[in-house]
Amino acid sequence: MTTPVILQARRFATQAHGEQKRKYTGAPYTDHLEEVAGMLFEHDEHPLTVAAGFLHDVLEDTDVTKKQLEEVFGPIIAQLVWEVTDQSKLSDGNRAARKTIDRDHLAKSSKEGAAIKLADLISNSRDIVAHDPNFAVVYLREKDELLKVLKHGPLGLYAKAKEQITAGRSTGRSSVS
Amino acid sequence: MQHLQAEKNLLLTTARLLRELLREKPIQYEEELTALNAVLEPFNSSAEEQPADEQS
């Protein structure tokens, strides 16, 4: 992953997320970004998609704007990051209503945008199943619904996400019963 | 006969549009990647030099 655009995306994301940590482990937030970008790289995604993988949370979790992303990384990367950024606001209603808005937004994503979201979903599901089994029941149900609108993503990542969610849900069910 | 010709034309047009669609994105992506890499390359070099600066 030594292409200039990927290295710069990694640097930019690291600075933008600053001292942010992962919720359950307290690990640097960049661990998650590395995992998502790494998965995209392993699945032979285009370098612009891998770069967008590093940047996928900057619009949601930092002060960086889409305009700034466009200025530094051009329209394609800015568009990909926007495609995977939640559009709902707290004022849009309860969790289910907000998830519907975000799911409808993702349904319109490109194949590359779907690839980033699938890698993000795999990384987050792994974390939540390992550290918060109660929330995992709700989370995996939501992600199962989300998968239905991500079928246009790359087959390999889709299959991996589906497998992980199915395994997580069956583990959840057996631990509840 | 005319009907068959019309169908053939439609198929050819669809195939051409599909080819264009499939081709458009990689070209667009490759062009943007080349342009971005050219612009960002100097920043990579300066980042590599940074540790040496810090040591001094």
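Modeller: Helices here are DSSP runs of H or I with at least four residues, strands are runs of E with at least two, and both are numbered from the N terminus. The model is a predicted one, in which local features require pLDDT of at least 70 and side-chain atom pairs pLDDT 80 or more, while totals for chains, interfaces and linings use all residues. Residues are numbered from 1 along each chain as its sequence is written, chains are lettered from A and ligands numbered from 1 in the order in which they are written, and side-chain values rest on heavy atoms, without hydrogens or water.

The backbone of A:Asp44 deserves attention: its phi is positive, about 60°, although the residue is not a glycine. Most residues other than glycine have a negative phi. A:Asp44 is also exposed, its relative accessible area being 71%; exposed means over 50%, buried under 20% and partly exposed in between, with a 1.4 Å probe and protein chains only.

Turning to the neighbouring chain, 19 residues of chain A are in contact (heavy atoms within 4.5 Å) with 14 residues of chain B. The two chains bury about 1,400 Å² between them, 63% of it on carbon and sulfur atoms. That buried area is the accessible area (1.4 Å probe) lost on putting the two parts together, summed over both. Within chain A, the residues losing the most area to chain B are A:Pro4, A:His46 and A:Ile76, which together account for 35% of what that side buries. Helices H1 (4-17), H3 (47-55) and H5 (66-83) of chain A each supply at least two residues of the side that touches chain B, and H5(A) gives the largest share, seven residues. Finally, zero salt bridges are counted between chain A and chain B, a salt bridge being a side-chain nitrogen of Lys or Arg within 4 Å of a carboxyl oxygen of Asp or Glu.
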